[in-house]
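Keep the sequence and the coordinates open side by side.

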Amino acid sequence: MLRLMASMRFREDFHVRVSMTVNGRNVSGEVEGRTLLVEFLREGLHLTGTHVGCDTSQCGACTVHVDGMQVKACSMFAAEADGAQVATIEGVAANDGTLSAIQQAFQDHHGLQCGFCTPGMVMAAASLLKANPKPTEHEVREHLEGNICRCTGYHNIVKAIMAASGQEMPALAAE
Ligand code: FES
Ligand code: FES
């Protein structure tokens, strides 16, 4: 048992240097081996737009893109993202502050209330529309399965994503 505890202690104290590109900027830092990507983003880089809403990898508030793939940043070690291209909500709007089409659609269609889930929702929506530019309402709802919103009832989020895809609102079913 003492040996096991000693080896666990070793792993906790283990540090590793990580380098990655975040929103087009080269960054690096020294992290504990157990540091999650979301911790590195929020605490190491102060990119606090990526939220933490659970400790069970269920809420999706921490959704980012890693090498173009939608990822829950709480389910990945920072060290696993070494060398990767990471995109967070801070990199979605243009440099002059102009919102992306998805962000604008969330604003126009009241796709947020408290906004806590919104960064994750926007990153998830961006991933969906990249792979499937004209999703059906069902596909949008299915894609958002891993993103929880406590406020909106989802309907306006779905409307916003459909609008961002250039599709008509009347096609949407009632809540
Ligand atoms: S904080 Fe990552 S899924 Fe909830
Ligand atoms: S807008 Fe509040 S949790 Fe989604």
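**Sheet and helix packing**

Five strands form an open sheet in the order 2-1-5-3-4, with mixed pairing. Strands (E, at least two residues) and helices (H or I, at least four) are DSSP runs, numbered from the N terminus. Strands pair if DSSP finds at least two bridges between them. The edge strands, strand 2 (25-32) and strand 4 (69-72), each pair on one side only. From one strand to the next, the twist averages 40 degrees.

This is a predicted model: local features need pLDDT of at least 70, side-chain atom pairs count only at pLDDT 80 or more, and totals for chains, interfaces and linings use all residues. Residues are numbered from 1 along each chain as its sequence is written, while chains are lettered from A and ligands numbered from 1 in the order in which they are written.

Strand 1 (residues 15-22) pairs with strand 2 in the antiparallel sense, over eight bridges. There, Arg 17 has Glu 30 of strand 2 as its bridge partner. Helix 4 (residues 118-131) packs on the sheet and touches strand 3 (63-66) and strand 4. Contact requires C-beta atoms, placed from the backbone, within 7 Å.

Now the helix pair. Helix 3 (residues 101-108) and helix 6 (residues 155-164) pack at about 135 degrees, with their axes 8 Å apart. Axes are lines fitted to C-alpha atoms, for helices over the stretch in contact, and angles run from 0 to 180 degrees between N-to-C directions. Helix 3 contributes Ala 101, Ile 102, Ala 105, Phe 106 and Asp 108 to the contact; helix 6 contributes Ala 160, Ile 161, Ala 163 and Ala 164.

Note on methods
Contact = placed C-beta atoms within 7 Å.
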